[in-house]
Amino acid sequence: MRKEMRIAGYGGQGVVTLSMLITTAASLAAGKFSVQTDAYGPTARGGACYADVVIDDEEIDYPGIIKPDYLILFSKDAVSSYARSIKPDGIIFTDPTTVKKVPGKVKRYELPVQQIALDEFGKSVFANVIMFSAFLKITDLLPLDAARNIVRESVPKKAIDVNMKAFDRGIELADQAMSE
Amino acid sequence: MSISMLAGAERPDHPLSRYASTMHIFCAGCGYGAIAQAVTRVYAERKLDKMKYVFFTGIGCHSALPTLLPGYTVMTLHGRLPAVVTGAKLANPELKPICFCGDGDLLAIGTNHFVHACRRNLDMVLILLHNNVYGMTGGQAAPTTPTEYKGTTAPYGYLEKPFDGCELAIASGATFVSRWTSAHIKQFMNTLNKAIDHRGLSFIEVVTTCPTYFGRKNKMPEPIDLFRWIRDSAVSIKKAEGMSEEELEGKFLVGEFQKTDRPDLNTIYKEIIKRAQGD
Amino acid sequence: MSEDKAIRTGTHVITGNDAMVEGAIAAGCRFFAGYPITPQNEVPEMFSVRLPEVGGNFIQMEDEIGSIAAVVGASLAGAKAMTSTSGPGFSLMQEYISQAAQSEIPLVVGNVQRTGPGSGIVSVPHHGDVMQARYGGNGDYEIIAVAPASAQESFDLTVEAFNLAEKWRTPVIILSDAMLGHCREKVVIQSAEEFKKNIIERKIGPRKGFKPFTYEENGELIVPPPLQLGTHAFPFWLPSVSHNEFGIPILDTVPKGSFKMVKRLCDKIIKNEEKITMTESYYLDDADVAVIAYGLPARTGLRAVREAREQGIKAGLLRLKTIWPFAQTAIEKVAESVKSIVVPEINMGQLFIEIDRVAAKKGVSAHLVIQISKLHEPHEILSKIKEVA
């Protein structure tokens, strides 16, 4: 089943990293086909950017997004640009640190991944991994064990433990959000 | 010249065979023949290995030198010689290219590649044939045309300041830099011998004569006029030390300006491979 | 320097740009010269990491003109060599691409296309260099150009580009684009043993009687092994001016030899079109409408074709993996069996000129679907299919 998602925000927010984690987990650990593409402006940092991921059980023809099933939006600009492009039964993910309101009636999860990363892990970079596992838990898109392995393999040895904790924290956060 | 006379092209066994068996296309009084003979003599005397000591030329009158040269020759595009040699040297470090460029070739269209080859200390002998004009295309002014001299594109006199190839080479990082003229053939051969042994970029500028264009346009119509002009304008480095700025006006220095040692491009790239492979 | 380091057997998730580098190194590329320009920067960056690992050389040159010149030098000295660029950088390289075609020097140029004209937009895909790839340099010559459509193909067709360059002794251009270059996908690389079976190694000509340039023998064109400086397989003088099959310059006032040289260079590619071109067919057997496309738009085209089939329209796709030489034979065959042809291109219609020519000859209508600076959406191609079905 073809699933499409767009992650949008500003350069430096981990948009591309998150999309890479998803596409790598889908392709290598879950045995699916996946394409990740990104769009960016001419600036190295701070410009608006987005990354798209398509996941399918079969080889993917069109590599772009037709109508996304999921949106992960990290900025107000991203909300105003893309929130309305989603499928009616899609899901939007935002972080209350950067996004307060989202127009429309699509299902939405507010996940304070930035705050948790800073408060509990001391660095905002962990927001990516927390969002990664929370997103997969809520969408049930890929097996969590496989995704966990991809994180383990893609971080430096010294950082494995803390990233595993962040990964588990994301699942906890998702459980909490889904029960609310 | 009919190129079918290049019989030597098919029997490259003797270093002088083609020299003996072919004609050249240079004008009467052109200095290129003397330079080619000097290079060929050094090549033959030292019995240089043809598989290693290869020639490169750019585009200009000197592109026709291969009819006289005793080894394999690659003719590159106008100005691109230093870049082509960069690739060839990295792909086969055994080569020791002996290269000819014209003044338009190296100091106009190819300046970028030239200064970077000097900066990289590319291991080659680079001979700049400086005849004050674009000879092959009909005598247009070159970046080496002296101020107030005439060319077919400088009918009112060339008022720009010319390049000094040796100063440019030194500033860019060439490790062996010298200048001679086609009136200093023995000195040139001596320097060429040293240049062949030098590891790094050896730059030799040879000021030479173009009676057909530079001479005729500048009231030196006879080859001998131009020969004398060059000989009399050349001042040795040592002699110049005792001369005032006024006395040096309109003259140029000849001799060996710089000889230093620093790692050449191939040595540097060996180090990169060593680092990458963690040896 | 083990070959294992050169051929990274296994499954990877990498970008089109990185896949191009892996393909090149696996194919035996040991020299790269380049210059930074977006959106191909990952290519030189990855080469700078990878080449020294396998004993090769990466050099960042002073400009694109120097980059292609250094690649020519390296190829002449016996290395399989490549450069990559984009936008105006590709224009700067045309000078030596034309010369390399004339001197029959094998080399590969990766062009990760971006929008033009001029500086254009650096980070978006555009296929504006299709005609430049063929006609960009001065003079009459033919070229080979491949057009990958996925990260996997960025690997596979780069390998193929090196093989074609060796076999036909010509520059081969890889026409990628900004989107494909940054598109991350699964890339599977075979075992080194399997892989090496399909590699054409650099050959050296015979010590005696070597004719250095393509020549005619009993009406057949013979492409001799590439020139190698530092061996006997080199003409005593390699002129950059027009030459005969021995490498002797053509300086006659009435240059009969020039006609022969140009014709040989063009015939070498054009007359072997069927041997060189690579295409892939989807649902064409009973198709009324054929989409003909290359690069990423071929994937959009495939999606549109599938959607058309779901709606009961007999559509099919011919995907061109090589753009040049033009796949005349394959396209003629398609034109003979369909009623109309749809050509989606991310440009104002460049290859369309050629396809339309063949279609007109066969009495079939051809229709262009233009897109600029971005990938088509499938519905754009689908609506054209429905319109002309």
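Which residues in helix 1 of chain A meet residues in helix 4 of chain A? In this predicted model, local features need pLDDT of at least 70 and side-chain atom pairs count only at pLDDT 80 or more, whereas totals for chains, interfaces and linings use all residues. Residues are numbered from 1 along each chain as its sequence is written, and chains are lettered from A and ligands numbered from 1 in the order in which they are written.

In helix 1 of chain A, the residues concerned are A:Thr17, A:Leu18, A:Leu21 and A:Ile22, which meet A:Asn128, A:Met131 and A:Phe132 in helix 4 of chain A. Contact here requires C-beta atoms, placed from the backbone, to lie within 7 Å; helices (H or I, at least four residues) and strands (E, at least two) are DSSP runs, numbered from the N terminus. By class, the residues of this contact between helix 1 and helix 4 of chain A comprise five nonpolar, two polar and no charged. Ala, Val, Leu, Ile, Met, Phe, Trp, Tyr, Cys and Pro count as nonpolar, Asp, Glu, Lys and Arg as charged, and the others, Gly among them, as polar. The axes of helix 1 (residues 15–29) and helix 4 (residues 127–139) of chain A come within 10 Å and cross at roughly 40°, and helix 1 of chain A is therefore oblique to helix 4 of chain A. Axes are lines fitted to C-alpha atoms, for helices over the stretch in contact, and angles run from 0 to 180 degrees between N-to-C directions. Angles under 35 degrees count as roughly parallel, over 145 as roughly antiparallel, 65 to 115 as roughly perpendicular and the rest as oblique. The crossing of helix 1 of chain A with helix 4 of chain A is right-handed, the near helix being turned clockwise from the far one by less than a right angle (anticlockwise for left-handed).

In chain C, helix 13 (residues 328–337) and helix 14 (residues 351–361) pack at an angle of about 50° with their axes 9 Å apart, so helix 13 of chain C is oblique to helix 14 of chain C. This crossing of helix 13 and helix 14 of chain C is also right-handed. C:Gln328, C:Ile331, C:Glu332 and C:Ala335 in helix 13 of chain C meet C:Ile355, C:Val358 and C:Ala359 in helix 14 of chain C. Five nonpolar residues, one polar and one charged make up that contact.

Chain C also contains an open sheet of seven strands in the order 3-2-4-5-7-6-15, with mixed pairing. Strands pair if DSSP finds at least two bridges between them. Strand 3 and strand 15 (322–324) of chain C are the edge strands, and the twist averages 20° from one strand to the next. Strand 2 and strand 4 (residues 80–85) of chain C pair in the parallel sense over three bridges, with C:Met82 as the bridge partner of C:Phe32. Helix 4 of chain C lies across strands 2, 3, 4 and 5 (107–113) of chain C, running at about 170° to strand 4.

Of the two pairs of chains in contact, chains B and C share the most contacts. Between them, 38 residues of chain C are in contact with 34 residues of chain B. Helix 4 of chain C gives the most to the chain C side, with nine residues; by class, that side has 25 nonpolar, nine polar and four charged residues. Strand 2 (residues 73–75) of chain B pairs with strand 11 of chain C in the parallel sense over two bridges, where C:Leu238 is the bridge partner of B:Val74. No contact joins chain A and chain B, whose closest C-alpha atoms lie 20 Å apart.
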